[in-house]
Amino acid sequence: MFLVAGELLMAKNTLGLVFFPAFDWMISPGHPERQERLLYTRDQLEEEGLFDCEEIKEYRPRLAEIEDLQRAHVGVPAIARLITPAHLTSAGGCLVAADAVMQREVQRAFALVRPPGHHAMRVVHGIRGFCTINIEAIMVEYLRSRYNIRRIAVVDTDVHHGDGSQDVFYHDPDTLYISFHQDGRTLYPGTGFPNEAGSPAAWGTNINLPLLPGTGDEGLHRLYDGLITHILEDFQPELIINSAGQDNHFSDPLASMQVTAQGYARLADKLQADIAVLEGGYSIESALPYVNTGIILAMAGMDYSKVVEPDLRGLRPQDERCNKRVDQLIAEVGDLYFNRERTSKELLAKCGNIWQRSKHIYYDEEGIREEQVESVHYCERKACRGYFTLQTAAEGTRFGDQSAFITCLTREICPHCRQKAYDAALAEKKRGRWQYVLVQDIATGTVENL
C-alpha cells in the first residue's frame with residue numbers, strides 16, 4: 001500500500017516476478033551455477049498455477065546501462081571488458097523489479113536472475129564466487145539516482161558471506177547491510193565476522209552474523225526475532241532488499257546448514273522485503289523449486305503452509321550449540337549496533353582525517369590474486385562524505401598483471417573535496433607508477449581514465 005497526496009493506494013498486483021535464466025552464460029560445463037537453477041523453479045510455479053494468480057505479475061528483464069554498473073563498480077581496465085550481455089540483463093532484471101515497486105505497479109518484486117552478484121566488490125578484475133558484478137549494489141545505486149531513496153537495508157540470506165556487498169557499502173552509513181551466513185572459518189569466502197562492522201563514519205551499519213554449521217529453522221528465527229528485526233526497526237529503512245541466497249537449505253551440496261523451505265518462507269513473511277534478488281542455492285531439484293515457491297507465496301501474501309520438500313531424509317536435528325552461538329551473537333552484535341554512534345565518534349577522533357585498510361583478495365574462479373590499499377578521506381563539513389582512494393595490483397588476470405590507482409567521489413562530496421580527489425589522482429598520474437589512474441563518480445556512473 002502507498003500513501004500519495006493523502007490517499008491510500010493499493011497496487012493492483014501484489015508481487016512482480018522477473019525471470020532470466022541466462023541460457024547463453026556459464027562459467028564451465030557442469031558448474032553448480034547453471035541455468036537449471038531457474039528452470040526447475042519456473043516449472044514448479046507453472047505446475048502450481050501461480051502465474052495465473054491475480055496477485056502475481058511477470059515482467060521481462062531489460063539491459064542495464066554501463067553507467068548503472070559504474071555507480072557501484074570500477075573495472076580494471078574497464079567494466080565493459082569484463083562482462084557479457086547476460087550480466088547486463090541480470091542487473092537489468094533487478095532494475096525492472098525496482099521500477100515496478102517504485103512506480104507502484106506492485107507492492108513487492110522478486111528478481112530471479114543469474115549470473116549472481118554478492119561476491120563482486122567495488123574493484124573488479126574478473127569472476128570470484130561465481131560473481132562479476134554486484135546486482136544488488138547496482139540496484140541500490142540506481143534507486144538512489146532515479147528515485148532519491150536514501151536509507152536502504154540489504155538483508156543477505158545466502159549461506160556464504162556477501163563480502164562483495166560488504167565491500168561496496170563499507171563506507172556508507174545510509175546502507176544497512178545485514179548478512180547471516182555459515183561461519184567463515186568453515187566456508188568460502190572466509191570472512192564475515194562481527195568486527196567487520198564498517199569504516200569509522202559508517203561503523204555499525206555493516207552487520208555480520210556467522211552461524212555454526214548445522215543451524216536450522218529454529219536458530220535462524222531465534223536470530224531474526226531476537227536481533228535482526230530490532231535492528232531494522234531502529235534503522236528505519238525506506239526500502240528493504242533481500243539478497244535471497246537459498247543455500248542455507250539442508251540439501252545444498254556446497255554448505256552445511258539445516259534450513260527448510262518453510263524456514264525460508266516464514267523468514268520472507270517476517271522480513272516483508274520490498275525487493276528480493278536471487279543469489280546462491282545449488283540444490284537444483286530438491287530445494288530451489290520449493291524454497292522459491294515458499295518465498296514467492298510469502299511475498300505475495302498467499303498461503304505457503306503446504307510448501308514442503310519431497311524428501312526430508314537429509315534433514316538433521318539442530319544441535320543446541322547452534323542456539324548458544326545465536327544467543328552470543330544477539331548479545332555481542334546487538335551491543336555493537338546500538339552503541340554504534342558513540343563508537344563511530346571515537347574511531348573518527350582516533351583516525352583523524354584519513355582511515356586506511358589493506359586487503360588481500362583471491363578470485364577463486366580465475367586464480368587472480370589482488371593486493372589492495374583503501375584510504376578514506378574525511379571532510380570537516382558535515383554535509384560532505386569526502387572521497388576514498390584504492391590502490392590495486394592484481395596478478396594473473398586475463399589482461400596479465402595490472403595495477404591501478406582509483407579515486408572514488410561520493411554522492412555527497414563538496415567542491416573542495418572533489419578538487420582534492422582529482423588532485424590526488426593527477427599527482428599519481430604524474431608519478432607514473434600505475435598502468436591506470438581512474439576516477440569514479442558514484443552519482444553519475446562515470447569512470448574517467450586519466
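Predicted model: local features only at pLDDT ≥ 70, side-chain atom pairs only at ≥ 80, totals over all residues.
Does Glu428 count as buried or exposed, and at what relative accessibility? I started my notebook with that one. At 9% relative accessibility, Glu428 comes out as buried.

**Entry: the partner of Glu428.** I looked up what Glu428 pairs with, and found a salt bridge to Arg433, with N and O 2.9 Å apart. Arg433 is exposed, at a relative accessible area of 52%. The cut-offs explain the labels: under 20% is buried and over 50% is exposed.

**Entry: a link across the sequence.** I then turned to Glu141, which forms a salt bridge with Arg411; their closest N and O atoms are 3.0 Å apart. Glu141 sits in helix H4, residues 135–147, while Arg411 is in the loop between strand E16 (400–409) and helix H11 (415–431), so the pair ties together parts that are 270 residues apart in sequence. I looked up how covered each one is. Glu141 is buried, with a relative accessible area of 5%, whereas Arg411 is partly exposed at 25%.

**Entry: a pair on the outside.** Asp303 and Lys306 also meet through their side chains in a salt bridge, 3.9 Å from N to O. Asp303 and Lys306 are both exposed.

**Entry: charge tally.** How many salt bridges are there? I get 29. The chain carries 46 positive and 63 negative side chains, and the centres of those two sets lie 6 Å apart.

**Entry: the whole chain.** I stepped back and noted 11 helices and 18 strands. The radius of gyration is 21 Å, close to the 22 Å that the globule rule gives for 450 residues, so the chain is as compact as a globular protein of that length. Along its principal axes, the C-alpha trace spans about 65 × 50 × 45 Å.

Entry: Of the 450 residues, 61% count as buried. The chain exposes about 17900 Å², and carbon and sulfur atoms supply 49% of that area. Last, I looked at contacts between residues at least 6 apart in sequence: 74% of them join residues at least 24 apart.

Methods. Residues numbered from 1 in each chain as written. Heavy atoms only, no water. Helix = DSSP H or I, 4+ residues; strand = E, 2+ residues; numbered from the N terminus. Rg over C-alpha atoms; globule rule 2.2 N^0.38 Å. Buried < 20%, exposed > 50% of the residue type's maximum accessible area, 1.4 Å probe, protein only. Contact = heavy atoms within 4.5 Å. Areas by Shrake-Rupley, 256 points an atom, 1.4 Å probe, with all protein chains shown as cover. Lys, Arg positive; Asp, Glu negative; His and termini not counted. Charge placed at Lys NZ, Arg CZ, Asp CG, Glu CD. Salt bridge = Lys/Arg side-chain N within 4 Å of Asp/Glu carboxyl O.
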